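Here is a briefing on the model shown below.

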Amino acid sequence: MTPKASWLDSFVDGLPTRGWFQFLSRHVVVPYWVWRDPKPKLPGGPRPSPQPGENLQRMMNLVMPLKDPSPMGRAKAALIVAQNVDEIFAGLDNVGTVHNARFLLLGNNLCMLSVYDGDFSNYIRDFIATIGSVFDAIMDQVEGGEEVSPTEQKIERFIDWVQAHDLFQVPDFPSDLFALQDQAMRRTGKAHGLRSLPREYILQLHANPDVSLGGGYRAYPGVSAAQIRKNHGMGW
Amino acid sequence: MESTESPPPLPATPESILKILYRVDGDPDRRPVHTVGISATGFFKASEVAPLYCRAAHFQPHRGGHPVTVRFSNGSGCKDPHDSWSDVRGMATRFTLPAANPAEKTYTDLIAMTLPEFFSSTPDDFQEFAWAARPADYVAERPWRKFLDMLKLMMPLRNPYPNETISPDLGAMNFAERNDAAKPGVLEAASIGAPTCYLRAAYHAVHTFIVTNEQGVQRPVRFSWQPVMGVRNLDSNTSNPKPANGDFYLQDQLRQSLITSIGKDHPRFTLMMTLGEAGDALNDPSRAWPPHRTRILMGTLSIEEIVNDPEEWEKISFNPGLLTDGIAMSDDKVLKFRVETYKLSSKQRNASPCPFSGATIHDTQG
Amino acid sequence: MDMAKLNDDEIGNVQGNILRGYTLPAVRHMILRISDSAAARAFLAASVTGGNPNVPQITTEQRIGAKLPKLVTAFNLGFTYQGLVALGLAPGDLASFPTEFIEGMTRRAAKLSDFGDSDPSNWPSPYDQPDHVHVIATAYASDDTTLDSIQKQVEQAFDLRGIHKGYSLPNGAVYFGYKDGLSQPRFLGFHDGAPSRQDPTRTEEPDDPLGTILLGKPTRLPDLKFGTPQPKQLGNLGTFNAFRVLKQDCFGFEDFLTSTAERLRQQGVDTRLVGVESVGLTYPDLKDKPDLALREVIAAQLCGRWREGTPMQLQETLRKATTAGPSNQFDYGDGALCPVGAHIRRNNPRGGEVVQRIANFTRRLVRRGMSYGDTLDLANPDDKERGLLGNFIGASLGAQFEAVMCDWLNLGLHSPEITGSNDPLLGANTPETSWFDLNLWKDDDQVAMEKHRIYGLPRFVTTRGGAYTFLPSLSGIQYLSGLTG
């Protein structure tokens, strides 16, 4: 027989919705676990993978904190992007592997979101090779930008910087997070109970609050930008 | 079920697996899992691109579509329906293949479930999983333990459903702790919930099959059914979902949906076929393929009406190995094992051999 | 000083085998761990200055045309990141190296398609402990005895973790039977002066700026500079090497040619349309053996060269298969006979159209390789390991070796016609999903081409080990020898 749920059961079941318990969780429980079992901020961008499908139509969610997030600073960033649209578009055309790209001002950040084919480093390197100085003007507006500018002269550092500011992509299969974190911490053979998965997420999202949830939906996966252009008679 | 039994020896056999799978609240004359189900008929229309990938008869255009019978089921081996419980659901589809002589009908089956992956990658692992996950007494987690879980930022165990006394959940969870391959399936199964209707769930055939086209080109693929009406579960925010018609609503809901759609807009599923790529786990059903693989729309299934003789249809056996020219099994060991296990299960419960008698269970194409 | 050129001091400062390859027929790669850093540093100091009878001297580059005695031995050194750590390089200087070098080859496995059998977890010793691979010392000579004595000297200062013995095969071939190493970059400011018609390095490709191969020099992209590791004495005129132990499935490759030829016949492909009758021009013994000739056509299309070296691209028609010889003077222009996915075209598309328009000629690599394993007898199959000891050298592992490996060799991103497929010879293929498009004539007029897709290519080449190394200049090695701590 199933024992009847007592008042205590109902009380405990209801805890997560109670203000005081949420306060306790936020200010005591989570900080305790952050101290006890800290997780590294997992690297940004899609993970390398042998499957062509994983290497086509990949996402970049580049979040660059503005030095001056006031309306004046935002307007400056907006104008720099607007004034350089020709350079940026021509650069992306020459890179040849980009499906779409756009800039956003979001929160206190200037964001560049794009969908590209192939290796991330190649994409960024080729992009900088064709529009370098324009991107330097953008980097002037963002925190830490001066350390990797001029981008053409510091291309390896710039690629690393972009990767560090590209959002971590949470795995498509949630329990893969165990292995990703173990790998980053160079831990092997650790058993993980499935019920501890929420903790893994909480700790990662503590280290890494802005993330991309999964690799995203694709209507026509497995094809490159050049293949779409070719098959629609647009030339590549 | 305090158990002092020891697990059956390996290697796993269809006999040993079936023995583990039958639950005390099951019925030896019915299926060991997916025990509660209902069948409906309809038709499948192949898409215009389907023949480019597969030469099988049901993927060729056919006036009016290919007749199909579909059995929807609850995954549990409990003989009583518990539709509102979180559980995997099944969708077994039998395609009637066009024949010159209607008396010599042949068929092919596609067996799918709401989990996108299986619990293990080999029959032996599955036996160990099934043993670990054999239903055990299920009692609510004590409040103080739950509280402790919350302090550990862990998922507390769910409360038992009304009248639930035994459950595989705990054993499955413990098994998954030690076996990474089981993690995705167990996690998904634990949170899968209950659909509002059998027509509102996506079903996955899990295993890799090899399709061959007219030119002889072979491709490793996996199939999924997507409901055109969309996926919809009972509200998961309430811990004890209470649908209008209690714990037995899925069959009524299906009947109702089919009655209201008669002659009009039949409920539909699209059949999506995902192409495997280099580096994919082709023969490992415990690993789903990410949603970034090329997907081909192979056709649309329309469900028309409940079968005339539902009782009789419950005796029919489906088999994931009932294939036809143009579609063959991969080297997935679990798939091959399932073929034998389904056959044995069918025999044990005296299921209708028809239309099996004349059909061949295809093995990998030479 | 003209940065784009190399002066005599600089030439003498660059390690040998980088700008030009040696012609010595035997190689020994010694995989070393530094357990006694003082002994290792003393070895480095002596290897730079020379004159120590117990330490082999580093071989340097020489000005082309310099009248010098012919090399009888050569000796060079490469350092992994862990090696630089073991030598005591300062943390700030270590951090100035590029990320891919810091991470090392094993952690870049996914980018290099080292998965499955090629996964680093399957690599045998010494690569099962990548953190213990510190230095790769390479000696060249004509005979094993000389190499043995060099090895003995090296063992005095380092902990020898493993060795690889390599040999050049007859006629400059590698296993699979292709003549190899035909196309190598020529460097502006080093290989200067127009090559004569007979010069084997003559090519239609533009000469490459020195920054392609030497750190601190200008690259092809005028404003883009690869970062030179710090301090300058260490980084300048150095370069990076991807050392790879690549096992080749020689019998599997020949079997594949046979089975593909059979399948083409079964499919009723008119063998005249792939130019089978032309094969006899180069291979007179195949003249009246169409089955064997068809295998050679397939081998040529997979590689982009006939096995004796003639590039497919140079054939005016398939009937004139082999008049050109192992030339290098071609580009992928219009009406290309060479399949887009062929090995040499994929890895070096030259001036042909590529999706990444900016990338033409920017991913050039220097390749220095020798074969390893017992003599191959195709008539008597065995299961012995054979393969290639490959060195893929360039100023940026990320922009050259890795860029080619992940976007071109695998994936085929540079042409929409091959995207989604892997290199037929070196790629990470699985038979269930692989494909390759052969070029066929549409009809007997031999004017227009069409494609014929073949499937089921297995992985012919498996990675068995390797490491990313830094090949410093002599000043750089001297700097390392002076470290303390």
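## Chain A at a glance

Buried residues make up 36% of the 236 residues in chain A. A residue is buried if 20 or more other C-beta atoms lie within 10 Å of its own, exposed if 12 or fewer, and partly exposed in between, with C-beta atoms placed from the backbone. The model is predicted: local features need pLDDT of at least 70, side-chain atom pairs count only at pLDDT 80 or more, and totals for chains, interfaces and linings use all residues. Residues are numbered from 1 along each chain as its sequence is written, while chains are lettered from A and ligands numbered from 1 in the order in which they are written.

**Dimensions and make-up of chain A**
- Chain A has ten helices and five strands. Helices (H or I, at least four residues) and strands (E, at least two) are DSSP runs, numbered from the N terminus.
- The radius of gyration of chain A is 22 Å, whereas a compact globule of 236 residues would have one near 18 Å. This radius is taken over C-alpha atoms, and the globule rule is 2.2 Å times the number of residues to the power 0.38.
- The C-alpha trace of chain A spans about 70 × 45 × 30 Å along its principal axes.
- Of the contacts in chain A with a separation of 6 or more, 69% are between residues 24 or more positions apart. Two residues are in contact if their C-beta atoms, placed from the backbone, lie within 7 Å.

**Dimensions and make-up of chain C**
- Chain C contains 13 helices and ten strands.
- Its radius of gyration is 23 Å, close to the 23 Å from the globule rule for 485 residues, so chain C is as compact as a globular protein of that length.
- Along the principal axes, the C-alpha trace of chain C covers about 70 × 50 × 40 Å.
- In chain C, 53% of the 485 residues are buried.
- Contacts in chain C between residues at least 6 apart in sequence join residues at least 24 apart in 69% of cases.

**Nonpolar cores**
- The largest nonpolar core holds 166 residues. Such a core is a set of buried Ala, Val, Leu, Ile, Met, Phe, Trp, Tyr and Cys residues joined through C-beta atoms within 7 Å.
- Residues with the most contacts inside this core include A:Ile128, C:Val135, C:Ala139 and C:Cys303.
- α6(A) supplies the largest share of this core, eleven residues.
- Beyond its neighbours within four places in sequence, C:Ala139 contacts C:Arg28, C:Pro56, C:Thr73, C:Ala74, C:Phe75, C:Leu147 and C:Ile150.
- A second, separate core has 75 residues, among them B:Ala50, B:Ala172, B:Tyr203 and B:Ile296.

**A helix of chain A covered by two chains**
- Helix α7 of chain A covers residues 155-165, and its buried residues include A:Ile155, A:Phe158, A:Trp161 and A:Val162.
- The cover over the buried residues of α7(A) includes β1 (58-65) and α6 (120-139) of chain A, plus α5 (99-103) and α12 (397-409) of chain C.

**Sheet of chain A**
- Three strands form an open sheet in the order β1-β3-β2 (chain A), with antiparallel pairing. Two strands pair if DSSP finds at least two bridges between them.
- β1 and β2 (98-106) of chain A are the edge strands, each pairing on one side only.
- β2(A) runs antiparallel to strand β3 (residues 109-116) of chain A, with eight bridges joining them.
- A:Asn100 has A:Val115 in β3(A) as its bridge partner.

**Strand β1 of chain B**
- Strand β1 (residues 37-46) of chain B is largely enclosed by the rest of the structure, because seven of its ten residues are buried.
- β1(B) pairs with strand β2 (residues 66-74) of chain B in the antiparallel sense over eight bridges. Here B:Gly37 has B:Ser73 in β2(B) as its bridge partner.
- β1(B) also pairs with strand β11 (residues 295-306) of chain B, antiparallel, over seven bridges. B:Phe44 stands opposite B:Leu301 in β11(B).

**Interfaces**
- Between chains B and A, 36 residues of chain B are in contact with 36 residues of chain A.
- On the side of chain B that touches chain A, α4 (143-151), α5 (169-178) and α6 (183-190) of chain B each give two or more residues. α4(B) gives the most, with five residues.
- That side of chain B has 19 nonpolar, seven polar and ten charged residues. Ala, Val, Leu, Ile, Met, Phe, Trp, Tyr, Cys and Pro count as nonpolar, Asp, Glu, Lys and Arg as charged, and the others, Gly among them, as polar.
- The contact between chains C and B takes nine residues from chain C and seven residues from chain B. The chain C side has three nonpolar, five polar and one charged.
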